[in-house]
Amino acid sequence: MTLDELEVKCKNCTACELCQGRTNLVFGVGKKDADIMLIGEGPGENEDLQGQPFVGRSGQLLDKFLASVDLSRNKNVYVANMVKCRPPHNRDPKPEEQEQCIRWLREQFKIIKPRIVICVGRISAQRLIDKDFKVTKQHGEFIDKNGTLFMGTYHPAAILRNPNNKELAFGDWLKVRDKIEELGIEI
């Protein structure tokens with residue numbers, strides 16, 4: 001199955017109540033065989049309206065972080081979310097919503113086969129790395145899970161709310177750059 005075929009199937013998903021309020025499904029964007037995959041928590045209002053993850057102010061900040069280490073959703077990363085439909089009022093996706101939607105993310109992962117996964121924010125890090133993951137303490141640490149390296153970092157929206165963490169987050173992206181070089185990944 002291709003990502004395009006998977007997206008068509010995902011657009012018909014009604015497994016949880018989030019589908020009822022969506023304007024657009026936010027499946028994912030980027031290089032379809034990227035070595036680096038970013039996973040956020042779920043679409044916000046701008047994402048729901050545009051049908052793409054990480055747009056608006058937080059997406060602009062994420063794009064700046066990516067560009068600072070020669071990464072781009074247009075050329076060498078794939079960006080997705082834990083849930084594909086916007087939770088009301090931009091609340092965190094509930095565990096049961098994540099549970100219904102994780103199958104789509106698993107299939108994306110199987111097709112893309114990334115070597116590095118960056119969990120952008122607490123929700124994805126706790127679901128994909130460790131349920132007790134603390135972004136403030138464990139950001140920037142790489143964890144090997146069955147041959148794929150996972151790292152959690154600050155969500156751009158959290159940095160916009162607390163700019164004091166911007167330097168820490170930038171340090172995480174430098175670690176990503178160093179890991180890409182260490183692994184010999186062509187970007």
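Helices (H or I, at least four residues) and strands (E, at least two) are DSSP runs, numbered from the N terminus. The views show a predicted model, in which local features need pLDDT of at least 70 and side-chain atom pairs count only at pLDDT 80 or more, while totals for chains, interfaces and linings use all residues. Residues are numbered from 1 along each chain as its sequence is written, and side-chain values use heavy atoms, with hydrogens and water left out.

**View 1. Asp70 in the loop between α3 and β3.** Asp70 has a phi near 60°, a positive value in a residue other than glycine. Most residues other than glycine have a negative phi. The C-alpha atom of Asp70 is separated by 8.1 Å from that of Arg177, 107 residues apart along the chain. Arg177 belongs to helix α8 and is partly exposed at 31% relative accessibility (buried means under 20% relative accessible area, exposed over 50%, and partly exposed in between, with a 1.4 Å probe and protein chains only).

**View 2. Packing of helix α3 (residues 56–68) on helix α8 (residues 166–183).** The two helices pack at an angle of about 45°, with their axes 9 Å apart. Axes are lines fitted to C-alpha atoms, for helices over the stretch in contact, and angles run from 0 to 180 degrees between N-to-C directions. α3 and α8 are therefore oblique to each other; angles under 35 degrees count as roughly parallel, over 145 as roughly antiparallel, 65 to 115 as roughly perpendicular and the rest as oblique. The crossing of α3 past α8 is right-handed, a crossing being left-handed if the near helix is turned anticlockwise from the far one by less than a right angle, and right-handed if clockwise. From α3, the contact (heavy atoms within 4.5 Å) involves Leu61, Leu62, Phe65, Leu66 and Ser68. From α8, Lys166, Ala169, Phe170 and Trp173 take part. By class, the contact of α3 with α8 has 7 nonpolar, 1 polar and 1 charged residues. Ala, Val, Leu, Ile, Met, Phe, Trp, Tyr, Cys and Pro count as nonpolar, Asp, Glu, Lys and Arg as charged, and the others, Gly among them, as polar.

**View 3. The buried residues of helix α1 (residues 3–11) and what covers them.** Leu3, Leu6 and Cys10 are the buried residues of α1. Seen down the axis of α1, these residues fall within an arc of 60°, so they line one face of the helix; the arc is that of the directions from the helix axis to the C-beta atoms. Their cover includes β3 (77–81) and α4 (95–112). α1 and α4 pack at an angle of about 170°, with their axes 10 Å apart, and are therefore roughly antiparallel to each other. Leu3, Leu6, Lys9 and Cys10 of α1 meet Trp104, Glu107, Gln108, Ile111 and Ile112 of α4. This contact of α1 with α4 has, by class, 6 nonpolar, 1 polar and 2 charged residues.

**View 4. Gln98 in helix α4.** Gln98 is buried, with a relative accessible area of 8%. Not counting residues up to four places away in sequence, Gln98 touches Met82, Val83, Pro93, Ile123 and Arg127.

**View 5. Leu18 in the loop between α1 and β1 (29–30).** Leu18 counts as buried at 4% relative accessibility. The C-alpha atoms of Leu18 and Arg86 are separated by 6.5 Å, although these residues are 68 residues apart along the chain. Leaving aside neighbours within four places in sequence, Leu18 is in contact with Val83, Cys85, Arg86, Pro87, Pro88, Arg91 and Glu97.

**View 6. Asn90 in the loop between β3 and α4.** The phi of Asn90 is near 55°, a positive value in a residue other than glycine. Asn90 is partly exposed, with a relative accessible area of 42%.

**View 7. Ile39 in strand β2 (residues 36–40) and Val117 in strand β4 (residues 116–120).** Ile39 is buried, with a relative accessible area of 3%, and Val117 is buried at 0% relative accessibility. Ile39 touches Val117 and, among others, Ala80, Met82, Leu105, Ile118 and Leu128, not counting residues up to four places away in sequence. With the neighbours within four places left aside, the contacts of Val117 include Met37, Ile39, Phe109, Leu149 and Phe150. The C-alpha atoms of Ile39 and Leu25, 14 residues apart along the chain, are separated by 15 Å. Val117 and Asp92 are 20 Å apart in space, C-alpha to C-alpha, and 25 residues apart in sequence.
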